[in-house]
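Subject: Two-chain model, handover and notes

Hello,

Here is the structure I said I would pass on. My notes on it follow below.

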Amino acid sequence: MISRNILLILILTIAALLRFYQLGHNPPELYVDEVSNGYNAYSILKTAMDEYGNFLPLTFRAFGDYNPALSVYLLVPAIVVFGLNEFAVRFPSALLGTLTVLLTYFLAKKLFEETKYKFSIAHISALLLAISPWHLQFSRYDHEANFMVFFVVLGTTLFLFSKNNYRVLVLSAISFAATLNTYQGAKIWVPVILMALVLIYKKQLLKWKLKLLIPALIVIVGAIPIVTNLQQSTIRARSAGIFEKEEPVKLFISGYLSHFSPNFLFVTPDNIGRHSIPGMGHLYIFELPLILAGIIFAIRSKTPHKKFLFAWLLLAPIPAALATPTPHALRSITFLPIFSILAAIGLVAIITARTSFKFKATLLAGLAIVAAYNMVTYFHLYYKHYPKLKAADWNDGHKEMVEYVDSIKDNYEVIAVSNYYGHPYIFVLFYSKYDPAAYHSQSQDKTKFDKFEFFGASWDKKVAGTALVVRPHWQKPDPPPKYIKEIYDTADTLVFRISEEE
Amino acid sequence: MTVPADTYFLFGKSMDKSKLKRALVVFVLIVLFSFRLWQTTGCQKFKSFYLNPQAVTIKVEEDVGTDRGVDRNISRFFHNKYQSRFVLTVQSMTSMLDARLLTDVLGPLGVLAFAVSVYTTIKTKKILGILHFFIVFLAVLFATFTPYAKQGFYLWAVALYSFSLRSSKTIVKLPTWLILLLVVATFWYFSFSWQLESFCHDIFFN
């Protein structure tokens, strides 16, 4: 028992180390959505209002997406403790990512409680999730989807433990209600997974009879922020969804299937730089034979939960398939932690297979070598290649630009910043720690606040005095202005040119 | 001689109801697969899964180039022709096991038949099934290591089709309405993916 707990603590330590190490520095800078979440949380902390001056909103307007609120509120304590910086913004995601590893242990243990290998499967599942490139990528990035994974795994684990405990069922409902308020995709994923749970465990549920109304009511209450802001809550779904595109059925089928592509899962990830490491899939190659073995052995196993395990696997791509582009690693994060659990079953099945010791030892040694090389290569790619190759995907250069501009802004009448890279105002607010109370009254016009102006293709000077102008590197006005600073990203690519103009 | 009530005659040969149903399933699968193969005759340029040896060299050079400031031996440990060849081979081979591609080639009923064949081969461990599966694997290898995309595709498709037929014994156990639904779905799927996008670059009847 003690050794099992020590093993679990060791796995959690690995999970935490991999999630918190250089958290504020790699990915190289905060992406615009992280900056927006961070500043809105800062604004809530200082004024109890979002950047637009809305009092404790149930959805955050941000850039017009009206994101669910919970993930922003969860940043507030981190900002209280660590201040408004990169580490604080990513801290909750890394913490919940680490806790998801712990929850996966309990989930896998519950799913295989009838088998004598439940502890082995649980430990290996947790370990594989702890080192999973897919889960690590989103645990080191403040994205609401990672919060959703935590709450869904929590809700599901509690549900499975609620067989004879009504209070645990209520806690599970609270968790699912919270999930609805984490991420846009949760609006689809929560009903889908709840439906699977209800259908598969209907006997277990029906014994609570009328008492079931309370958990149902809790989930409905969780949906209130969505229902009361239905028009706004569905803006993102309408822009990315398949229903307003041509041939939605075809898009759905091909999108659904694309998420089971071994190429997408193990070798070539999706095209969005923030979702994966170039040269790596979302899962390790060594997991491929383990997952296949896991599927076969899960089919043959006697666990009463195998229907649910496969339901999760087959339903997981639905939220991602209802939007474009596909395959999409972020929207299909709903797969986690199923692949880790399946790989763990596969490994345990190989270890316990009734075959010659020599054959098994050779197979496992080969697998261990490939796994070790796979992992070391992943860390090399993540820490050495990734910050250079994907600097542009992380808005690298904005922090240095704002810090420089902020240090000399008193010398200028006006500061003009190009909006070529998108929403520059939020970077200025975040990195200069601009007083949210002072910003609320200026928040409706995103083209200016205080001394700052934000421009598109070209900038025309409207006020007298010296101006500081920040342009993307390729924008070269004629005649050339007096350049005083150039801003480079981690890959040494020129991002901004800063000039002084009379 | 009295003939049992559930005995039928096909081409003069007597067979019971389940055998007849199985023969019909095999026939329908062959018709479906032949229809798909006929559609592919419109393809002028098949997608290649060939692993070009030059791609290996290019990948190593690109990766080593990114390792600016890293010790050359360390860089070479992570980026060498063996590692790159392995990754690119896996990439080519897994591309051929893509769920979307398999569905485009086999159709919904074919995918189910293929999955059932894999499952029963693993479960029963019959040598003939294993050999048949090995042929599919060889076809994948052939397509990965040959620059002839068309030949590679047809060899692989025929291997998949023949392997899928092994499942007929299990498929007949499904309710008839479900089999019929899957047949219709497969025809429908083949019709709406007439462009063969996942394995054909250029089709001449649109």
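Two strands count as paired when DSSP finds at least two bridges between them. With that in hand, Ala467(A) stands opposite Glu501(A) in strand β8 of chain A. Please keep in mind throughout that this is a predicted model.

Strands in chain A

The strand β8(A), residues 494-501, runs antiparallel to β6(A), and 6 bridges join the two. On β3(A), residues 414-418, the pairing with β6(A) is in the parallel sense, over 4 bridges. One position in that pairing is Val417(A), whose bridge partner in β6(A) is Val470(A). How much of β6(A) is buried? Of its 6 residues, 467-472, 5 are buried, so the strand is largely enclosed by the rest of the structure.

Chain A overall

Chain A contains 25 helices and 8 strands. Its radius of gyration is 25 Å, which agrees with the value near 23 Å that a compact globule of 502 residues would have. Taken along the principal axes, the C-alpha atoms fill a box of roughly 85 × 55 × 50 Å. Buried residues make up 49% of the 502 in this chain. If one takes the contacts in chain A between residues at least 6 apart in sequence, 75% of them join residues at least 24 apart.

Phe449(A) belongs to strand β4 of chain A, residues 448-449. Around Phe449(A) there are 19 other C-beta atoms within 10 Å; a residue counts as buried at 20 or more, so Phe449(A) is classed as partly exposed. Leaving out residues up to four places away in sequence, Phe449(A) touches Tyr425(A), Tyr439(A) and Gln442(A).

Tyr117(A) sits in a loop, the one between α5 (86-111) and α6 (118-130) of chain A. Tyr117(A) is also partly exposed, with 16 other C-beta atoms within 10 Å. Which residues does Tyr117(A) touch, not counting residues up to four places away in sequence? They are Phe112(A), Val348(A) and Thr352(A). Tyr117(A) and Lys390(A) are 273 residues apart in sequence, and their C-alpha atoms are 41 Å apart in space.

Chain B overall

The secondary structure of chain B amounts to 9 helices and 4 strands. Read from the N terminus, the order of the elements is β-β-α-β-α-α-α-α-α-α-α-α-β. Is chain B compact or spread out? For 206 residues the globule rule gives 17 Å, and the radius of gyration of chain B is 22 Å, well over that value, so the chain is more spread out than a compact globule. The C-alpha trace of chain B spans about 90 × 45 × 25 Å along its principal axes. Of its 206 residues, 30% count as buried. Among contacts in chain B between residues at least 6 apart in sequence, the share that joins residues at least 24 apart is 76%.

A helix pair in chain B

Helices α5(B), residues 99-124, and α9(B), residues 176-192, have axes that come within 7 Å and cross at roughly 130°. The two helices are therefore oblique to each other. From α5(B), the contact is made by Gly107(B), Pro108(B), Leu109(B), Gly110(B) and Leu112(B). On the α9(B) side, the residues are Leu182(B), Val183(B), Ala185(B), Thr186(B), Tyr189(B) and Phe190(B). Sorted by class, this contact has 8 nonpolar and 3 polar residues, with no charged ones.

Where the chains meet

Between the chains, 20 residues of chain A are in contact with 17 residues of chain B. On the chain A side, at least two residues each come from α16 (248-258), α17 (262-267) and α22 (357-389). Which helix gives the most to that side? It is α22(A), with 6 residues. By class, the side of chain A that touches chain B has 8 nonpolar, 9 polar and 3 charged residues.

Regards

Notes:
Residues numbered from 1 in each chain as written. Chains lettered and ligands numbered in written order. Predicted model: local features only at pLDDT ≥ 70, side-chain atom pairs only at ≥ 80, totals over all residues. Axes fitted to C-alpha atoms, helices over the stretch in contact; angles between N-to-C directions. Parallel < 35°, antiparallel > 145°, perpendicular 65-115°, else oblique. Contact = placed C-beta atoms within 7 Å. Nonpolar A, V, L, I, M, F, W, Y, C, P; charged D, E, K, R; others polar. Buried ≥ 20, exposed ≤ 12 C-beta atoms within 10 Å, placed from the backbone. Rg over C-alpha atoms; globule rule 2.2 N^0.38 Å.
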